[in-house]
There are 2 protein chains.
Amino acid sequence: MKSMNPEGNGSETTETAVCLVSGGLDSCVTAAIAAQSYRLAFLHVNYGQRTERRELQAFEDIASFYGVEKKLVADIGYLKSIGGSALTDTAIDVPKEGISQGRIPVTYVPFRNTHIIAIAVSWAEVIGASRIFIGATEVDGSGYPDCRNSYFQAYNRLIEEGTRPETEITIETPIIDMGKREVVLKGIELGAPLHLTWSCYEREDAACGMCESCLLRLKGFREAGLDDPLPYL
Amino acid sequence: MKSMNPEGNGSETTETAVCLVSGGLDSCVTAAIAAQSYRLAFLHVNYGQRTERRELQAFEDIASFYGVEKKLVADIGYLKSIGGSALTDTAIDVPKEGISQGRIPVTYVPFRNTHIIAIAVSWAEVIGASRIFIGATEVDGSGYPDCRNSYFQAYNRLIEEGTRPETEITIETPIIDMGKREVVLKGIELGAPLHLTWSCYEREDAACGMCESCLLRLKGFREAGLDDPLPYL
């Protein structure tokens, strides 16, 4: 297992990292971190979420910004037929005006990250990428069970067991211990295109400013003493 | 974690098990085993494999045989765009006349079972199922890394970490230590509808009898001293 090269600038390495880019703030900053040391391959997953079209646009915009050539957009629309989440089931409302504390919110899509990372691993094995970058955050996160450090440790073990013996792929979670304020500041420091991201769970034209994802994002910018470049209602 | 009830006959329990039913011999016998103790929910996954249509028909036939009401057919066609396997990439030939020994064959679809089980876990969490049955075999199997006992142990750990704390879902692999002969005999013992299954990797009208999957199946019937009820070329 090679360690990341802190001197790297993306043009000196031939190692490839698959970045999961939802199009939100966290994934954009994570891609900016990966770009320091790896050639980038961008993966986006549609899963029948409410703001699917807008998130895909953010993905394409961020990919253009970084000049990413290897891109994969995968559709796991079956998650919508499984249901069980406010993000994929229009019969369940997206909660407003509150960040959930100590419980798993109804926006939790059961086991979603396992699907998304599985796609990344299959793709990485075929294109010969050695790292998978995901912008999960445990601090200031939404309390989803599949965003915790212990979950990713278990997943790295599964990758070891479930791929070819010569395959060496590990999941990297560079912002997992950062609060939203640190994420914003890291993005600014690395020149990440935060103006191209989209975080709102509810709307595609202007951010609602009231869903959990908007509230966490706004908290990050406020605590960093910066203005969010996105339009709000 | 409750243990399986050896006295159960499927009508006395309200516990549900999600069975992964590809439509092949192994998954059919696994469903027959699950039917002894659980109410069945059947999951089938299309992934752009060559014999997709025929396998789906086998799935529907086996579901009808067991009177299964809860069925889910999920499409992970993105595996075809990822490629890397003879099963999903028509540029790679399905090997003939040989069972691979000690190496991973080109029919290996990178990390495929992780995708399929992730769908089962998400669905199980939403419908309240406590078990996932998969007909993986390590003995007389194809040497795929994601069919080994150690892989499923790692996956059970991932499920613990990645689902709601109150969720208790475990993967069951009842035939993992059986040779193909034992699988055939177990199917006969339980009255499994082996005549409704499909195993061939290559053809949909009559089995080719030459691909690895046909060879393993034929070996099982031959060693059990029985005739395979399927039509062969």
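In what order do the five strands of the open sheet in chain B stand? Let's find out, keeping in mind that this model is predicted.

**View 1. The open sheet of chain B.** The order is S3-S2-S1-S4-S5, and the strands pair in parallel. At the edges you will find strand S3 (70-75) and strand S5 (170-172) of chain B, each with a single partner strand, so one side of each has no neighbour in the sheet. On average, neighbouring strands here are turned by 25° against each other, direction ignored.

**View 2. Strands S4 and S5 of chain B, side by side.** Strand S4 (residues 131-133) of chain B runs parallel to S5(B), and three bridges join the two. To see how they line up, look for Phe133(B), which stands opposite Glu172(B) in S5(B).

**View 3. A helix across the sheet strands.** Here helix H2 (residues 52-65) of chain B lies across strand S2 (39-46) and S3 of chain B. Compare the directions of helix and strand: H2 runs at about 175° to S2(B).

**View 4. Helices H1 and H6 of chain A, packed together.** Helix H1 (residues 25-35) and helix H6 (residues 180-189) of chain A have axes 9 Å apart and pack at an angle of about 45°. Because of this angle, H1(A) is oblique to H6(A). Their crossing is left-handed. On the H1(A) side, the contact is made by Leu25(A), Asp26(A), Cys28(A), Val29(A) and Ala32(A), while H6(A) brings Val183(A), Lys186(A) and Gly187(A). Sorted by class, this contact of H1(A) with H6(A) has five nonpolar, one polar and two charged residues.

**View 5. Where chain A meets chain B.** Each chain brings 33 residues to the contact. On the side of chain A that touches chain B, the elements giving two or more residues are strand S3 (70-75), helix H3 (78-82), helix H4 (112-127) and helix H5 (149-162) of chain A. Which of these gives the most? That is H4(A), with 10 residues. By class, this side of chain A has 17 nonpolar, nine polar and seven charged residues.

**View 6. The axis between the two copies.** The same surface serves both copies, as 100% of the contact residues of chain A recur in chain B.

How values were computed
Residues are numbered from 1 along each chain as its sequence is written. Chains are lettered from A and ligands numbered from 1 in the order in which they are written. This is a predicted model: local features need pLDDT of at least 70, side-chain atom pairs count only at pLDDT 80 or more; totals for chains, interfaces and linings use all residues. Axes are lines fitted to C-alpha atoms, for helices over the stretch in contact, and angles run from 0 to 180 degrees between N-to-C directions. Helices (H or I, at least four residues) and strands (E, at least two) are DSSP runs, numbered from the N terminus. Angles under 35 degrees count as roughly parallel, over 145 as roughly antiparallel, 65 to 115 as roughly perpendicular and the rest as oblique. A crossing is left-handed if the near helix is turned anticlockwise from the far one by less than a right angle, and right-handed if clockwise. Two residues are in contact if their C-beta atoms, placed from the backbone, lie within 7 Å. Ala, Val, Leu, Ile, Met, Phe, Trp, Tyr, Cys and Pro count as nonpolar, Asp, Glu, Lys and Arg as charged, and the others, Gly among them, as polar. Two strands pair if DSSP finds at least two bridges between them.
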